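Visitor: I'd like to learn how to read a structure like this one, feature by feature. Can you walk me through it?

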Amino acid sequence: MSGDVRRHFHDELTDLKARLLTMSGEAEAALGLAIEALLDRDSAKAEQVIAGDHLIDNKEVEIEEQCINLLALQQPMARDLRMLTSALKIANDLERVGDHAVNI
């Protein structure tokens, strides 16, 4: 890999990690708000959780697309390959956390 291509690849991995952190924060916030809504019996908070679920769903799709593009175009190996496959699984699990928040 040339230096520019490698740098671009690692920039993409850094962006992917940032997206995962953002998504995890949104899922955590949704879960916390859902629990508050349940304990307080606050339907406005519950509606807020339901309305925000599409953001988490969209983040999952964006992360999956980015991972698939990197897998297809960069053909990563070893640590980078493990990072991308883990990111796919993490994004899916975080999306499920958002869905569970809606169900609460």
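Guide: Let's start with one side chain. Arg19 has a relative accessible area of 29%, so it counts as partly exposed; buried means under 20% relative accessible area, exposed over 50%, and partly exposed is in between, using a 1.4 Å probe and protein chains only. Keep in mind that this is a predicted model, where local features need pLDDT of at least 70, side-chain atom pairs count only at pLDDT 80 or more, and totals for chains, interfaces and linings use all residues. Residues are numbered from 1 along each chain as its sequence is written, and side-chain values use heavy atoms, with hydrogens and water left out.

Visitor: Which residue forms a salt bridge with Asp15?

Guide: First the rule: a salt bridge is a side-chain nitrogen of Lys or Arg within 4 Å of a carboxyl oxygen of Asp or Glu. Here Arg19 pairs with Asp15, with the closest N and O atoms 3.1 Å apart. Both sit in helix 1, 4 residues apart, about one turn of the helix. Asp15 is partly exposed, at 31% relative accessibility.

Visitor: Why does a spacing of three or four places matter in a helix?

Guide: An α-helix has 3.6 residues a turn, so residues three or four places apart point the same way. There's another case here: Asp4 and Arg7 form a salt bridge at 3.1 Å, N to O. They are 3 residues apart, both in helix 1. Asp4 is exposed, at 55% relative accessibility.

Visitor: Where does Glu62 lie, and what does its pairing with Arg19 tie together?

Guide: Glu62 forms a salt bridge with Arg19, its closest N and O atoms 3.2 Å apart. Glu62 is in helix 2 and Arg19 in helix 1, so the pair ties together parts that are 43 residues apart in sequence. Salt bridges with shared partners join Asp15, Arg19 and Glu62 into one network. A search of the whole structure turns up 5 salt bridges.

Visitor: How many helices and strands does the protein have?

Guide: Both are read as DSSP runs numbered from the N terminus: H or I of at least four residues for helices, E of at least two for strands. The protein has 3 helices and 0 strands, following the pattern α-α-α along the sequence. Its radius of gyration is 17 Å, well over the 13 Å that the globule rule gives for 104 residues, so the protein is more spread out than a compact globule. That radius is taken over C-alpha atoms, and the rule is 2.2 Å times the number of residues to the power 0.38. Along the principal axes, the C-alpha atoms fill a box of roughly 55 × 20 × 15 Å.

Visitor: What span does helix 1 reach, and what span is expected?

Guide: You get the expected span by taking 1.5 Å times one less than the number of residues. Helix 1, with 38 residues, reaches 55 Å from first C-alpha to last, close to the expected 56 Å.

Visitor: Which residues of helix 1 are buried?

Guide: Among them are Phe9, Leu13, Leu16, Leu20 and Met23. Helix 2 and helix 3 are included in what covers the buried residues of helix 1.

Visitor: Which members of the largest nonpolar core touch the most other members?

Guide: A nonpolar core is a set of buried Ala, Val, Leu, Ile, Met, Phe, Trp, Tyr and Cys residues joined through side-chain atoms within 4.5 Å. In the largest one, of 19 residues, the answer is Leu16, Met23, Ile63, Cys67 and Leu84. Helix 1 (3-40), helix 2 (43-74) and helix 3 each give two or more residues to this core, and helix 1 supplies the largest share, 9 residues. Contact means heavy atoms within 4.5 Å. Leaving out residues up to four places away in sequence, Leu84 touches Leu13, Leu16, Cys67, Leu70, Leu71 and Pro76.

Visitor: Is Asp80 buried or exposed?

Guide: Asp80 is buried, yet has no salt bridge: Arg79, the nearest side chain of opposite charge, is 4.3 Å away. For charge, Lys and Arg count as positive and Asp and Glu as negative, while His and the chain ends are not counted. Asp80 belongs to helix 3 (residues 78-103), and touches Phe9, His10 and Leu13, not counting residues up to four places away in sequence.
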